[in-house]
Amino acid sequence: MPPFGRSSRKDTPFPAFRTRETGFNLGAMLRYALHRLFSLTLSLMGASVVIFLVIEVIPGDSATFMLGLNATPETVAALREDLGLGGSLWERYWAWASGMVRGDFGTSYTYRVPVSDLVLDRLWVSLPLALYALSLSALIAFPVGLVAAAGRGTAADYGIMGATQLGIAVPNFWFAMLLVLIFAVNLQWFSAGGFPGWEHPGAAMKALTLPAIALALPQASILARVMRSAVLETLDQDYIRTARARGLSHRQAVLRHALRNALIPVLTIIGLQFSFLLAGAIIIENVFFLPGLGRLIFQGITQRDLVVVESVTMLLVFAVILVTFLVDLAYAAVDPRIRQT
Amino acid sequence: MRRFPLALWIGVALSALFLITALLSLVWVPHDVTRLVIAGRLQPASTTFPLGTDQFGRDILSMLMVGARTSIAVALVAVGIGMLIGVPLGLAAAALRGSLPDEIIMRGNDLIFAFPSLVIAILITAVFGPSAVNAILAIGIFNIPVFARVARGGALGVWTLDYILAARTAGKGRVRISAEHILPNIANLLIVQATIQFSLGILAEAALSYVGLGARPPTPSWGRMLAEAQTMIYTHPMLALLPGGAIMLMVLGLNLMGDGLRDLLDPRIRRARQ
């Protein structure tokens, strides 16, 4: 440590400046959190109104759809009442929205069970699948992005960037079909679809492996590119030059300083990808016949089980808004400048 | 200045190839794609059928050519919808920065962003019937907030410049300034974004028609070719490889072109690269 680098807290040139900018100001953080919480509530209310209205304007009455063409008007009317389809628009919205706040998501028309039970059931497939895919994606993207950034302009960098372009361009359901063709049909390492349930954890994980790979490929490609540009961005910062001047090697500077700062945008993307994976698996779940949330909503749409569609869509939107809120809070906790606004 | 000229050229070449193929299919295809010839099903590649035939005896090359047309038409019109509605909204939000309309437009944008786009697209096409028009609408809606956000972000930067101040002192109103000075100066950003949304639109169209909610039969589309090939994949993998490869190459071309254009058009990146 060079002698001029030593300085005690006492002779910091701008003490006031220091506490305001680098100290963790709980009051400002709470104010910011409340502000964000308020806009989160507004977003949720807005989203629920939009979803409700979209479902309302859908042609084709659920009761008529369930009873078929030969039903008499009286039975249709009776079923409508039974399903809670009577009453004014406002009453129906209130019944649905207030029910959801209490955790009552309505009763599925076709399954005849509470939607919350169905969702909880399916979440046991969708949540592990999303986490599995996300871990794979991060495990691939972190080292790959770092290698590309560290070797900017080299053959490795060009190769990685070319490969990630391909990964983004591949439609994931097609990639899923190729995986089935290679690993399920030709090599017979995995089954082509279905889900055995969590009573057999090994078999369950195995059943989720091909879908997770199919989901992870485009996500990993995007993440690796974000990782690379984030690391490159931090490499240009003054504190990296300072670290190098202090005698750290290039590798040490990257690992100790650039990497940690580069993680902020990378974590944002991971947060967004997680909520996307929960909902975005809809097609992959269909390819592999997995009983997840995506398949639930897809079947709900085709069977006109509108309560399921309404409530599950709302849940997915809630997940996206919540993740965005948490990422914003994490940002503010890390970066004091954001709290000022 | 041009660090990756090769990638840009590959992108332009691939995009142009598919565009020309799609245009060519309007006037000429090797074989009629609506005629089913059961006797000539699943033929291997030959001089008459360069890529063979599918399980209904249709020429795969012709199917791919018309499929390119479907994909490009859907994605292009969806981008058009997004730009026509999103850009004016973004310009208005920037011109009225900090006001209530700005707040409403931007919060509305955030709201649409929060919706799982594929789920809503499936909902729209399932409810209003599978068709190319509904697929366009379903994809186009989600392009609106993207363009609004890009336009607003770019416009906010331009509004602070001196020549805008000069235009204001010359008595020009906000609408005229937006149209005459802001829009031309953010055109670069919009073109790059349009390329990206175009490629996302191709992927979305493929996904929708794969689950049977895109263009209706007999209009060929790449996504439905994949769906139809799925049961044949064990015996005739080429049926699935070709349309999937076409989607991949088209999207790859557009992405390479978008990235290349951004590097070329964005002066900040250009300076940083020197």
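The model is a predicted one, in which local features need pLDDT of at least 70 and side-chain atom pairs count only at pLDDT 80 or more, while totals for chains, interfaces and linings use all residues. Residues are numbered from 1 along each chain as its sequence is written, chains are lettered from A in the order in which they are written, and side-chain values use heavy atoms, with hydrogens and water left out.

Counted by contact (heavy atoms within 4.5 Å), 35 residues of chain B meet 39 residues of chain A. One salt bridge is found across this interface, the rule being a side-chain nitrogen of Lys or Arg within 4 Å of a carboxyl oxygen of Asp or Glu. Its partners are Arg225(A) and Asp259(B), whose closest N and O atoms are 3.1 Å apart.

Which parts of chain B supply the side that touches chain A? Helices α3 (100-114), α4 (117-127), α7 (174-210) and α9 (238-265) of chain B each give at least two residues to it. The largest share, 11 residues, comes from α9(B). By class, that side of chain B holds 29 nonpolar, four polar and two charged residues; Ala, Val, Leu, Ile, Met, Phe, Trp, Tyr, Cys and Pro count as nonpolar, Asp, Glu, Lys and Arg as charged, and the others, Gly among them, as polar.

As for its overall make-up, chain B has 10 helices and zero strands, where helices (H or I, at least four residues) and strands (E, at least two) are DSSP runs, numbered from the N terminus. The C-alpha trace of chain B spans about 75 × 45 × 30 Å along its principal axes.

Within chain A, helix α6 (residues 115-150) packs against helix α13 (residues 293-302) at an angle of about 135°, and their axes are 8 Å apart. The pair is therefore oblique. Among the residues making this contact are Leu118(A) and Arg122(A) of α6(A), together with Leu293(A) and Gln299(A) of α13(A). Five nonpolar, three polar and two charged residues make up the contact of α6(A) with α13(A).

Definitions and conventions: Axes are lines fitted to C-alpha atoms, for helices over the stretch in contact, and angles run from 0 to 180 degrees between N-to-C directions. Angles under 35 degrees count as roughly parallel, over 145 as roughly antiparallel, 65 to 115 as roughly perpendicular and the rest as oblique.
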